[in-house]
Amino acid sequence: MRTIDGRIQVLDRSDVDTDQIIPKQYLKRIERTGFGEFLFSDWRKEGLDLDPERPILVTERNFGCGSSREHAVWALQDFGFRAVVAPSFADIFYGNCTKTGLLPVVLAPQEVRELMRAERATIDLERRTVEWEGGSATFEINPETRRRLLEGLDEIALTLEATGDIDRFEAAGGPAGSLTTSV
């Protein structure tokens, strides 16, 4: 992931919890696919119009609060979102996003309001910028999280990066090699 460019989808709501993102009755799968069709299902029944051709979701504060279900992130990705921009995120939701490759971008509330009025945006992860017609903003992201997203590394890939260290640890007897027992 380097740059996300496209039309934005506005969800002008605060405190969107994970049960609103993907209601519990749809959590019967163990794979990460097939959840997109149920994204915001209750709100869509009430008229919320979502466009899968808009890769950037722009919303209000405290997005992803509630339970820690990873399914919420999977549903957003499966629907087609590649980034979510908000003034704040629930901590666990933010972490789930970065672990699965959905980019959470925190901007100041006024910047989010300006972005909501735009049609398109470009998010540049390398430069840590969001640009839209008539405005731009920078965002902060943990350097290690940024590296993982830029390189497409999940937790398994990070573990594989340490294969040499793991092999040396095991060859030395692992934690048992440093323990002594007395009888």
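Reader: In what order do the 7 strands of the open sheet stand?

Author: Quick heads-up: this is a predicted model, so local features need pLDDT of at least 70, side-chain atom pairs count only at pLDDT 80 or more, and totals for chains, interfaces and linings use all residues. Residues are numbered from 1 along each chain as its sequence is written, and side-chain values use heavy atoms, with hydrogens and water left out. Strands are DSSP runs of E with at least two residues, helices are runs of H or I with at least four, both numbered from the N terminus, and two strands pair if DSSP finds at least two bridges between them. The pairing in this open sheet is mixed, and the order is β4-β3-β2-β1-β5-β6-β7.

Reader: Which strands have one side left without a neighbour in the sheet, and why?

Author: Strands of a sheet pair through backbone hydrogen bonds, either parallel or antiparallel. Here two strands have just a single partner strand each, so one side of each is left without a neighbour; these edge strands are β4 (103–106) and β7 (135–138).

Reader: What does the twist average from one strand to the next?

Author: The axes behind it are lines fitted to C-alpha atoms (for helices, over the stretch in contact), and angles run from 0 to 180 degrees between N-to-C directions. From one strand to the next, the twist averages 25°.

Reader: Which residue takes a positive phi in the hairpin of β5 and β6?

Author: Those two strands run antiparallel and are joined by 3 bridges, and Thr122 has Glu131 in β6 as its bridge partner. The hairpin has 4 residues between the strands, and the positive phi, near 60°, belongs to Arg128.

Reader: At what angle to β2 does helix α5 run?

Author: Helix α5 takes up residues 109–116. It lies across β1 (3–11), β2 (56–59), β3 (83–86), β5 (120–124), β6 and β7, and its angle to β2 is about 125°.

Reader: Is Thr59 buried or exposed?

Author: Thr59 is found in strand β2. It is in contact (heavy atoms within 4.5 Å) with residues including Leu11, Val84, Val112 and Met116, leaving aside neighbours within four places in sequence. Buried means under 20% relative accessible area, exposed over 50%, and partly exposed in between, using a 1.4 Å probe and protein chains only. Thr59 has 0% relative accessibility, so it counts as buried.

Reader: Which backbone oxygen lies 2.8 Å from a polar atom of the Thr59 side chain?

Author: A polar contact is a pair of N or O atoms within 3.5 Å; within protein, one must be able to donate a hydrogen and the other to accept it, and residues adjacent in sequence count only if both atoms are side-chain atoms. The Thr59 side chain reaches the backbone oxygen of Arg13 at 3.2 Å. The oxygen at 2.8 Å is that of Leu11.

Reader: Why do the rings of Tyr26 and Phe38 count as a pair, and of what kind?

Author: Rings of Phe, Tyr and Trp (its six-membered ring) pair if their centres lie within 6.5 Å; planes under 30 degrees apart count as stacked, over 60 as edge-to-face and the rest as tilted. Tyr26 is buried at 18% relative accessibility, and Phe38 is buried at 17%. Their ring centres are 4.1 Å apart with planes at 10°, so the pair is stacked.
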